[in-house]
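Here is a short report on one protein model. Please keep the sequence and the 3D view open while you read.

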Amino acid sequence: MVQKLIPEINKVYFINQYTLFHILSGSGSIQVDFKNYNNWQDKAIYLEKGQYIKFLSGDFVVRTIEFPNQEIFENQEVRVLFKHLISLGYINFDECDECQKYLSSTVFAENTKGIIDVSLKQWYWQNPFNASQNEYQVIFDIKEVVDQEFQNHLTNRDLVALIQDNGFNAQALVKDKLGITIKTMLANKRLTESKKDIAFTEKSIQEVSYDMGFKDPAYFNRVFKKSTGQNPSDFREHFDFNRKDLFIEDLTHLLQQHHKEERSLGFYADKMHLSVKALSKKTRAKMNISLGQLIRNELISTSKKMLAQDAPINEVAFTLGFEEANHFSHFFKKYTGTTPSDYRIKKYNS
């Protein structure tokens with residue numbers, strides 16, 4: 001099913017079918033499985049059953065495609081799209097002409113396999129971990145093991161017995177390409193699923209600990225607190241998933257309202273009634289990004305909208321507070337990888 005969605009701010013959308021989210025517009029943050037991400041305009045993410053997504057500002061417009069045929073996702077190639085490794089994988093639609101053409105011409109088509117095919121091409125072209133296709137297959141074989149075995153506290157010997165490394169040293173490959181160990185992948189998956197059980201179910205903390213393979217609930221509490229800074233009971237009490245995070249909402253509103261003329265961290269700190277240090281620390285903790293990056297993201301988002309509407313480059317530069325058009329052009333290319341003129345031409349041709 002294909003539909004256009006204007007998501008409610010801070011509402012938790014649980015994923016019950018494999019789903020593609022194409023972020024058409026929106027300059028705030030999104031949250032997937034307790035992690036916040038930024039700068040998602042014109043990107044697409046595939047989410048699998050059991051995950052959730054939450055939009056942390058009110059200006060998002062999203063196209064969603066639900067895939068009823070689960071067999072598609074049992075294909076070893078397709079899993080690269082929705083089995084995210086250390087962060088949230090995405091397809092950059094700005095760079096994928098074939099993706100844009102497909103969606104513009106077949107947005108209401110019932111056969112949605114085509115968008116998967118073009119997304120796969122784009123994902124491998126992006127090559128986020130600089131690996132060969134054979135190396136990716138080994139890495140995602142390992143991810144399958146992690147997803148199936150996270151409740152079991154496996155030893156290194158257990159892992160070696162389960163992983164089909166196809167001639168590669170699986171442990172070394174994961175460390176080299178992802179920057180973490182397989183044991184860390186298991187621990188991270190176990191923590192995420194623990195958080196879901198605590199936040200979204202009525203299971204007792206003891207029941208959650210047993211379900212996650214801990215024989216001693218007290219030990220589970222210590223591991224959970226070390227990872228999150230809160231014990232499980234406090235996490236459950238403070239994580240009201242229907243409650244708005246006013247800090248994120250207020251900061252996002254300020255950025256959208258003032259980014260054209262204000263880039264000083266002190267200005268936003270004053271408006272939020274915090275010191276610059278406190279605001280920067282809280283922003284990083286809650287949004288997984290620096291305040292400076294948030295300001296830049298707003299500037300880039302506004303400039304792209306103006307360029308797409310055929311505004312002259314010098315007008316865009318002036319509107320966003322740049323003294324010279326070439327200063328803006330340098331800024332735009334530095335953070336987008338393309339010049340304003342080339343970006344506009346690509347938009348015309350897409």
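The report covers confidence, sheets, salt bridges and aromatic rings.

**Basis and confidence**

This is a predicted model, in which local features need pLDDT of at least 70, side-chain atom pairs count only at pLDDT 80 or more, and totals for chains, interfaces and linings use all residues. Residues are numbered from 1 along each chain as its sequence is written, and side-chain values use heavy atoms, with hydrogens and water left out.

The pLDDT score is the predictor's confidence in each residue, from 0 to 100. The protein chain averages 85. At least 70 is reached by 93% of the residues. Helices (H or I, at least four residues) and strands (E, at least two) are DSSP runs, numbered from the N terminus. Confidence is lowest in helix α2 (residues 97–106), with a mean of 70. It is highest in helix α8 (residues 205–211), at 95.

Two strands pair if DSSP finds at least two bridges between them. An open sheet of 4 strands runs in the order β2-β7-β4-β5, with antiparallel pairing. Its edges are β2 (12–14) and β5 (35–37); each has a single partner strand, so one side of each lacks a neighbour in the sheet. Neighbouring strands are turned by 25° against each other on average, direction ignored. The axes behind that angle are lines fitted to C-alpha atoms, for helices over the stretch in contact; angles run from 0 to 180 degrees between N-to-C directions.

β2 and β7 are antiparallel and share 3 bridges. There, tyrosine 13 has isoleucine 53 in β7 as its bridge partner. β4 and β7 are also antiparallel, with 3 bridges. Strand β4 (residues 30–32) pairs with β5 in the antiparallel sense over 3 bridges. Valine 32 has lysine 35 of β5 as its bridge partner.

Buried means under 20% relative accessible area, exposed over 50%, and partly exposed in between (1.4 Å probe, protein chains only). β7 is covered on both faces. Tyr52 and Lys54 are buried on one side, Ile53 and Phe55 on the other.

**The five-stranded sheet**

A further open sheet has 5 strands in the order β1-β8-β3-β6-β9, again with antiparallel pairing. β1 (2–5) and β9 form its edges; each has a single partner strand, so one side of each has no neighbour in the sheet. β1 and β8 run antiparallel and are joined by 4 bridges. Lysine 4 stands opposite arginine 63 in β8.

Isoleucine 65 belongs to strand β8 (residues 61–67). This isoleucine 65 is buried, at a relative accessible area of 3%. Isoleucine 65 and phenylalanine 21 are 44 residues apart in sequence, but their C-alpha atoms are 6.8 Å apart in space.

**Salt bridges**

Side chains of opposite charge can pair when their charged atoms come close. A salt bridge here is a side-chain nitrogen of Lys or Arg within 4 Å of a carboxyl oxygen of Asp or Glu. The count is 14 salt bridges. Here are three of them.

| Salt bridge | N to O distance |
|---|---|
| Lysine 83 – glutamate 48 | 3.8 Å |
| Aspartate 147 – lysine 189 | 3.8 Å |
| Aspartate 211 – lysine 203 | 2.9 Å |

Lysine 83 and glutamate 48 meet in a salt bridge. Lysine 83 lies in the loop between α1 (79–82) and β9 (91–92), and glutamate 48 in the loop between β6 (43–47) and β7 (52–55), so the pair ties together parts 35 residues apart in sequence. Lysine 83 is buried at 8% relative accessibility. Glutamate 48 is buried at 15%.

Aspartate 147 and lysine 189 also meet in a salt bridge. Aspartate 147 sits in helix α4 (residues 133–149) and lysine 189 in helix α7 (residues 182–200), so this pair ties together parts 42 residues apart in sequence. Aspartate 147 is buried, at 14%.

Aspartate 211 is partly exposed, at 30%. Lysine 203 is partly exposed too, at 24%.

A network of salt bridges links a set of residues that includes Glu48, Lys83, Asp147 and Lys189.

**Aromatic rings**

Rings of Phe, Tyr and Trp (its six-membered ring) pair if their centres lie within 6.5 Å; planes under 30 degrees apart count as stacked, over 60 as edge-to-face and the rest as tilted. The model has 27 aromatic pairs. One aromatic cluster includes Phe14, Tyr52 and Phe235.

A charge sits over a ring if NZ of Lys or CZ of Arg is within 6 Å of the ring centre and within 35 degrees of the ring normal. Lysine 189 lies over the face of phenylalanine 150, 5.5 Å from the ring centre. The charged end of arginine 263 sits over the ring of phenylalanine 322, at 4.3 Å from its centre.
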